[in-house]
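Let us walk through this protein step by step, from its overall make-up to single side chains. Keep the sequence and the 3D view at hand.

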Amino acid sequence: MLPWTSGRMCQTYSLAALLVTLSAVCSGCGDDASADEVTRDGSVGADGSMDSACTRQDCEPMDDCHVVGECDPVTGTCRQLAAADGAACDDGNDATLGDSCTAGVCSGVGACSLDNGGCGDPASIECSQDSDGQVQCTTLEPCATKNGGCDPLTSCTSGATGVSCGPCPSGYTGDGSSGCIDIDECDKGNGGCAPTASCVNDAPGFHCACPSGTLDLQGDASECVEALQVSAGSHHACAVLANGRLYCWGDNSYGQLGDETTTTQATPVRIGTSSSWQSVSAGGQHSCGIDAGRLYCWGENSYGQLGDGTDSPRLLPVPIGTSETWNAVSAGDHHSCGIDAGKLYCWGGTSYGIGDGTLMSRSSPVQIGDSATWFIVSAGANHTCGIDAGKVYCWGDNTDGKLGDGSTTRQLSPVQVGSASTWKSVSASFSHSCGVDDGRLYCWGANGGGKLGDGTVEAKDTPVRIGTSTTWTSVTAGDDHTCGIDADKLYCWGQNYMGQLGDATTNTRQEATRIGTSSAWKSVDAGAAHTCGIDGGRLLCWGYNYWGQVGDGTSVLKLTPKRVGASSTWESVASGSFHTCGVDAGMLFCWGSGTSGQLGDGTRVDHRTPVRVGTSSRWQSVSVDGYFSCGIDAGKLYCWGISLNGELGNGTSQGSDWPVQVGSSSTWQSLSASWDHVCAIDAGRLYCWGDNRYGHLGLGDTAYVDELAPVQVGSSNTWERVGAGQAHTCAIDGGRLYCWGLPERIGLENIATSIVDAPALVGALTNWQMVSAAGSHSCGIESGSLYCWGDNSDGELGNGTMTSEVVPSRVDQSTTWQVVEAGLRTTCGIDDGALYCWGSNRYGGLGDGTVDDRSLPAAVTSSRTWQSVSVGQTHACAIDAGKLYCWGDDQEGQLGLGWPASPGPVLF
């Protein structure tokens with residue numbers, strides 16, 4: 001019998017079975033009174049039994065603890081079940097000490113719950129009850145409890161001479177009997193990590209991680225560098241990193257990536273071995289770049305656009321001439337232009353000329369004009385624009401007025417746009433052009449979809465000013481959309497059918513629309529229907545991705561900026577109903593539904609990719625649920641979002657779109673946020689606040705009113721962990737498990753009260769290490785063994801059935817469980833580094849690549865380096881070796897990936 005069984009056998013009978021049993025034992029009503037029963041008419045059975053005329057209703061109370069209609073099916077006597085509150089009573093088992101009446105019902109504590117039933121030390125002797133309620137004492141195998149005193153990480157064997165402990169595993173020092181201590185591999189030599197990476201000590205090993213703001217293109221932190229410059233072509237992209245290396249990705253049908261193949265690449269591939277690249281330009285189906293002042297081009301060459309004197313395609317970069325003073329290059333659709341020591345050159349061919357006054361194609365660079373003060377050039381599809389001594393010039397095709405000279409007449413040589421001489425930036429695309437003049441933004445040409453950004457769709461043959469800002473620094477024109485940077489903030493507008501604007505929609509925008517909340521954008525470049533940019537050193541791309549031009553390893557459309565490469569410094573993650581938050585290198589990010597301010601970024605809008613919360617880099621943990629979030633920053637506790645029941649703990653029911661501090665303490669250790677209440681531990685003391693209608697704050701006050709600020713639960717200062725569920729809470733104090741709230745969810749049998757409003761001891765196990773409470777079920781780990789209890793409608797208890805369990809039920813025989821996290825209808829856990837999930841899988845929340853429910857733990861991946869997992873309502877996120885993965889439902893953007901639901905883990 002499990003140690004949680006209380007001995008109240010009668011309650012396990014169905015009503016029909018109970019009546020049959022009663023009819024058998026309640027027979028023969030006599031005339032002499034007994035001490036135990038009396039008939040309704042006053043006649044009494046002398047032998048303690050009733051004749052066939054007696055019915056279940058014939059039993060009447062003789063004292064405070066007798067109740068009408070309750071016969072004990074074992075003894076045939078009226079059971080003492082009800083009384084006035086506080087009166088002593090007997091629930092029918094042998095342990096009467098401590099039995100008392102609450103709300104008119106007798107609640108027995110169970111024979112084995114009282115001093116281990118008299119069996120002695122529970123660490124070596126197990127107490128159980130037989131079918132008659134008699135105590136049975138069983139001596140335990142020495143290694144069965146607390147691993148025989150050995151460290152939990154070692155093996156335990158017992159023999160005639162006693163217990164023998166195995167050695168500490170790899171990655172630990174010490175012996176198995178005195179304890180195993182994790183070796184800090186990072187203590188010396190940075191753990192062998194690359195000089196640009198940081199070493200993060202794990203148990204038992206370590207991992208190398210790239211600092212925030214750098215790229216981990218190899219996925220192993222072997223090179224952590226910022227992006228210096230990025231260029232988006234028609235269906236491919238290239239970037240130069242701060243270490244001078246060149247990477248390209250996307251469509252490679254004509255060798256435009258330069259990796260000596262025509263194989264399309266969905267992730268960046270390094271081009272050559274040089275580390276002195278300065279800039280790159282991705283065009284239609286070719287690319288050009290500058291390496292230590294020398295010009296190189298590669299890819300398709302039918303029009304001579306590579307400039308090497310031939311029309312042959314090149315799969316590797318080929319040098320153009322011998323000059324070493326090139327300082328700018330731009331690849332268009334079928335032509336290219338570059339600047340060498342201030343002189344402008346173009347080559348290739350268009351049907352409207354390359355600017356040399358002719359319509360001829362050129363397979364080698366030809367100088368345009370005789371000026372030596374050019375400093376910017378931008379080659380579009382059939383026209384080109386550049387800046388010479390602060391003046392903008394354009395030439396080539398002039399359909400829709402894209403040359404900006406007030407006409408639609410083709411120009412074979414450069415013509416000035418306006419009269420200003422303070423232009424700083426210009427960009428020519430398929431059918432329109434844009435530029436920045438002394439901080440003011442102007443666009444001209446075709447205006448389909450509103451890509452000029454002036455709020456109209458009419459073409460303009462002279463520059464029209466966009467907005468009133470005077471702090472624009474750069475602009476880029478794509479085929480049908482435009483993006484620009486204003487005071488380090490990113491804005492995009494125009495057509496958005498492929499998500500190329502990055503605003504999480506496919507809606508056309510006729511005016512500049514801010515993308516995300518970052519104020520650290522350095523550059524942006526628009527391709528045909530995708531866009532790439534650099535945000536604080538991070539390389540991001542979004543939009544059309546059929547050829548993998550977004551660079552994230554997939555071919556799936558991206559509606560928001562997606563990071564190229566992946567962070568390896570995620571420390572914790574928390575999944576709520578419709579939003580998610582995580583800590584990466586001490587910085588807090590949130591994403592998903594933000595309608596109640598639960599993302600903490602000062603807005604009430606949804607974000608489909610992570611947005612940073614505040615500026616602190618000292619966040620330690622975060623917990624979210626429903627429509628609010630809480631986190632610990634350098635020991636201080638903050639909450640934000642909705643606060644209808646006082647969830648924010650700031651003494652009011654007023655919500656906040658920014659984190660607000662809870663109290664003034666700076667020693668908070670851990671917290672758990674549920675649907676409508678929060679519990680947290682501060683210096684070993686447990687506090688709860690928020691909704692209390694089911695007594696799940698554990699205050700024992702019977703008032704069940706909401707608490708708007710933290711209230712201490714009991715007086716203990718040794719609380720270790722807490723898990724807040726819906727209408728119930730569980731916590732660990734000194735290795736023992738306590739729960740409170742709705743009785744059917746807290747792991748105790750035969751609770752006769754409708755609410756348990758103070759911590760109640762669950763069972764007799766004394767080495768609980770973790771507990772997680774969710775919607776209607778809970779799970780915990782004790783001595784490495786996993787237990788779950790509560791509702792099991794979707795198999796969320798993991799025991800292979802759909803049968804609910806009143807008391808903790810062991811999930812399997814493993815003793816190496818490390819982490820468990822209960823969601824609404826789903827559970828996930830980590831056993832010896834391997835990640836498993838089970839329960840409801842309607843939205844792919846189990847992460848096994850299917851939508852099939854599982855009643856047994858199912859492996860998510862083959863990796864054995866998982867560190868943590870968090871389960872929301874219909875999605876989950878987990879961290880593996882510092883990398884963050886999410887899967888499941890994404891209707892509110894809670895996966896942070898910017899595209900629909902994923903049935904399997906997707907790397908951030």
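A residue counts as buried under 20% relative accessible area, as exposed over 50%, and as partly exposed in between. Keep those cut-offs in mind. Tyrosine 546 has a relative accessibility of 54%, so it counts as exposed. Aspartate 584 shows a relative accessible area of 3%, so this residue is buried. The model in view is a predicted one.

Now the whole chain. The protein has 70 strands and one helix. Of its 908 residues, 55% are buried. The accessible surface comes to about 33600 Å², and carbon and sulfur atoms hold 49% of that. Take the contacts with a separation of 6 or more: 45% of them join residues 24 or more positions apart.

The largest nonpolar core has 24 residues. Leu786, Leu835 and Trp887 have the most contacts inside it. Several strands give two or more residues to this core, including strand 60 (777–782), strand 61 (785–790), strand 65 (834–839) and strand 69 (883–888). A second core is separate and has 23 residues, among them Cys679, Ala731, Ile746 and Ala760.

Which atom lies 3.4 Å from a polar atom of the side chain of aspartate 584? The backbone nitrogen of tryptophan 570 does. Aspartate 584 itself sits in strand 44, which spans residues 579–584. As noted, aspartate 584 is buried at 3% relative accessible area.

The aromatic rings come next. A pair of aromatic rings is described by the distance of the centres and the angle of the planes. The structure holds 28 aromatic pairs. Tryptophan 521 belongs to strand 39 (residues 521–526) and tryptophan 542 to strand 41 (residues 538–543), so the pair ties together parts 21 residues apart in sequence. Both tryptophan 521 and tryptophan 542 are buried.

Tyrosine 544 and tyrosine 546 also pair. Is this pair stacked or edge-to-face? Planes under 30 degrees apart count as stacked, over 60 as edge-to-face. The planes of tyrosine 544 and tyrosine 546 lie at 15°, with the ring centres 6.5 Å apart, so the pair is stacked. Recall that tyrosine 546 is exposed.

Elsewhere, ring pairs link Trp277, Tyr296 and Trp298 into a cluster.

Technical notes: Residues numbered from 1 in each chain as written. Predicted model: local features only at pLDDT ≥ 70, side-chain atom pairs only at ≥ 80, totals over all residues. Heavy atoms only, no water. Helix = DSSP H or I, 4+ residues; strand = E, 2+ residues; numbered from the N terminus. Buried < 20%, exposed > 50% of the residue type's maximum accessible area, 1.4 Å probe, protein only. Contact = heavy atoms within 4.5 Å. Areas by Shrake-Rupley, 256 points an atom, 1.4 Å probe, with all protein chains shown as cover. Polar contact = N/O pair within 3.5 Å; in protein donor to acceptor, adjacent residues only side chain to side chain. Core = buried A, V, L, I, M, F, W, Y, C linked by side-chain atoms within 4.5 Å. Phe/Tyr/Trp six-rings, centres within 6.5 Å; stacked < 30°, edge-to-face > 60°.
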